[in-house]
Amino acid sequence: MENGLNRVIDALPGLIWTMDADGGISFVNNRWQDYTGQSGETLRQTGLEPLMHPEDRAGYRRMLQAAAENSDTTETEIRVRRADGEYRWFVFRLASIDDAPESGARWCGIASFSDEKRAGAEDGNAPEQRLLRFANNLPAQIVFFDPEGAVEFINNEALAYYGKSFDELRDWTNAGVIHPDDIPQVQQRLAAFVADGKGGQVATGRMRGHDGAFRWFRSTLLPSVDAGGNIVRFISIRTEIDDFRKAEHLLTAEVELLRMVAQARPLAFVLDQLCRAVEEISPGSICSVLRVSREDSRFRAGAGPSLPDSYNRIFDGKPIDPGYGPCSLAATCNEPILSSDPLRDVRWAGSSWPGLIASIGLNSCWSIPIVSSSGRVIGVFALYKETSGEPTALERQLVDRFINIASLVIERAEADAELQRTSEELQRANRFLVDTQRLTLTASFTWDVERNEHIWSKENYRLFEFGEDAPVTIEGILQTIHPDDLPDVEALLGNATNGKDFELAFRIVPASGRIKHAHVLGTRIEHITDRPVFMGAIQDVTARKLTEEALNRARADLAYMARVTALGTLTASIAHEVNQPLSGIITNASACLRLLAADPPEVEKARVTAQRTIRDGNRASEVIKRLRAMFTNAPTAFQSVDLHDAVQEVLALSASEMRSNRVLLRIDLAADRPIVRGDRVQLQQVVLNLLLNAIDAMREVHDRPRILLVTTREEAESLLLSVRDEGAGFADASVERLFDPFYTTKAKGMGVGLAISRTIIENHGGRLNAASNADHGATLTCRLPTIDAATDEDPMNETAYTKA
Amino acid sequence: MEKKIIVGVVDDDESVRESLPDLLESFGYGTKVFASAEEFLQFEEAKELGCLILDIAMPGMSGPELQQELIRQKRDIPIVFISAHAADLLPTLIEQGAVACLAKPFSEEDLLGAVRSALARN
């Protein structure tokens, strides 16, 4: 359309538009935009109908219909909403415009203002009436109070919400619509306004609707003044904020619950509060939480503050059977389960649950699994209602939120319980360790050499007799070391500073003065590389030491007794051994005297006999010397011993015994370096024992030579000494019993010999074994470490002997 | 000159074998020494001996065993036993025909007395 025409159209006192054949708006004039406050573009897109009063829209459509049928001009009255929201009456006229096909427009409409025509009928034009009509049309509750606080007007929205008439609501605070708890607040506020026109303009409160439910509203109270500034009335505007309020409530409850979780309040308490929170926010619902035990797939009591205890108790420890009820099914299939009409629900047809739930007046149950962060069902949240049916949107929202909190609470509780269990276990283990250390008299420690830092177990303090609160320093430790052992300990310190592992036996002289023997072992902690830090153990070996010393003394005494006994059996042989040279001495001396007395004296011959006298005298003296060594109960002393020398001495001492028993001695001492570390007398005693046993074993042999073979040879850092006889031997089964003290195959003798011999050899780091020979008799073999191997021996063992 | 009476000495102890002949010879006897009973049995001219001084405890055949062997062979030779073991000097040896038993060490007089008794038995 041309601009000139547009200006004309815009100037006309009416709303003008054109429509195409299917009803689409093709043009609106500026008056439309001015009146409605909507842009031309919006009007073209949405059409005109949304701007019309709902009651008048049907009339408009009828007009369009009639116009389309007879292509004639039609007319109807329609209220159109002004930009400020007020509807005003217009007369709509529609005319066909067949002569403008090029524009596509089919109809032209004009709406002209017709309020004047209506005004007479409704007096709607009066300012007061317009205010009330405006108030009535607002989608909020409006109540007017006169300056004295009496109710003047209540709009349609409010009347509809409360479901009461104006007269019923006239006594506002006593009409039963304000929540009893909020009445004082309402009265105060109104009173304050009446007094000076001021006061809290905004407040929230609960108002009971026609359905009986209280909802939260936000109310604004404003004074209305005339041109002269006088208050003519108070206007109260209420908007429902129930959802907002509930969301706020929800948030508060959530924060409170999370705070309880953070404070580690007991699980039962938090779950109880959780249920109560849901019940408060969503009146009419009754909640419970059941826990699912991880161990045995049973329910455990959670919370159900509004359910009868008898009902809650049924579930505690109940096996989870999906056919029992919605909670069990939800726990089994990990999905929310709604039972909106339990008594008719086929899923629990055979179960006692529907009857049970009906008996406490509940008619629906919605069960939602509570899932842990790892996906395991750890509980079930249930929402019961007296009414049958689906959960409301609010309930769904609540449950969505609280399920997460419940999951958090239960998981936290389980984690706490686990922690508690672990911690208790740790404490138990620690107590056990302390007890063990006490029992074994073993202390443990870590020692940072450079920093002089010591971490000690309880037992360590006990060993050194230090107070547990006193700081441990190496200087303090050194003060308690026995002066004789101080050089060893200082050497250990030097090695430790260089990061070398250590082991040492030493003595402590603690405050009590009671000397303690200790054995320490330290190993460097490998992962600390920048400085030497050791961990180790230290054992109080005092009791063992004392026992060992006593045992050594007893053993030495017994060995001496055995030696005396053994030598006793040799008495006759020894007498023989001494008598033999004595006989020579006397005979030679007699011959010498006679040779000198001859005429002429045979001096040369006499000299020879005199020399023989001396020789035989020495021989006798040798025997006595050997005997004295064997009879001495000298303290044991380890030294290098030439085993061949020692054996030869014993053979010499027992030669006569062998001879008198007609034993043929064969000797094959083949070892190149027959040096062992040990006690010469003890080793000789063993050899003597073995020889005497061998001689004894052959006493009854008459059909073959009584050959006794003594051999030595070297083998893998050991020296083997064997004594072989041709006696009766023994059954293999009794081989080990040979070494039992008091076991004997002989009619005479105590049988202590072999037991003591074995003990002696073992104390020398060796072994003593017996074996039957293939043909006749037995072979007893001592295996002793050679001198090189012996020097590497456990130092403890050596100390034991040197101190014995 | 009358032929010297030869006294046999059987002893495994060399000291005895050296000293005893010297002493016996100083009394005018000849001696013949043996280191063992077996060696004596090998000796062909045993009947030449006036008597035998015999050690009791020896490796191999003992003095008393030799005595039994000589009885078995009906070689009658007076025997004087000597021994360093006092217990060896059993009366049975005398009953078996031994002249005397001397415990080592023995005196010149005891030896001479025993040898003379033995020789007197011939």
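Me: How many helices and strands are there in chain B?
Reply: This is a predicted model, where local features need pLDDT of at least 70, side-chain atom pairs count only at pLDDT 80 or more, and totals for chains, interfaces and linings use all residues. Residues are numbered from 1 along each chain as its sequence is written, chains are lettered from A and ligands numbered from 1 in the order in which they are written, and side-chain values use heavy atoms, without hydrogens and water. Helices (H or I, at least four residues) and strands (E, at least two) are DSSP runs numbered from the N terminus. From that end, chain B reads β-α-β-α-β-α-β-α-β-α. The count for chain B is five helices and five strands.

Me: In what order do the five strands of chain B form the open sheet?
Reply: Two strands pair if DSSP finds at least two bridges between them. The pairing in this chain B sheet is parallel. Its edge strands, pairing on one side only, are β2 (30-34) and β5 (100-103) of chain B. The order in chain B is β2-β1-β3-β4-β5.

Me: Which residue is the bridge partner of Leu54(B) in β4(B)?
Reply: Strand β3 (residues 49-55) of chain B runs parallel to strand β4 (residues 79-83) of chain B, and four bridges join them. One of the residues involved is Leu54(B), whose partner in β4(B) is Phe81(B).

Me: At what angle to β3(B) does helix α5 of chain B run?
Reply: Contact means heavy atoms within 4.5 Å. Angles run from 0 to 180 degrees between N-to-C directions, with axes as lines fitted to C-alpha atoms, for helices over the stretch in contact. Helix α5 (residues 108-121) of chain B lies across β1 (6-10), β3, β4 and β5 of chain B. Its angle to β3(B) is about 135°.

Me: What area is buried between chain A and chain B?
Reply: The contact takes 25 residues from chain A and 23 residues from chain B. Buried area is the accessible area (1.4 Å probe) that two parts lose on being put together, summed over both. Carbon and sulfur atoms give 53% of it. The buried area is about 2200 Å².

Me: How many salt bridges count between chain A and chain B?
Reply: A salt bridge puts a side-chain nitrogen of Lys or Arg within 4 Å of a carboxyl oxygen of Asp or Glu. Lys605(A) and Glu25(B) meet in one, at 3.7 Å, N to O. Between chain A and chain B, the count is six.
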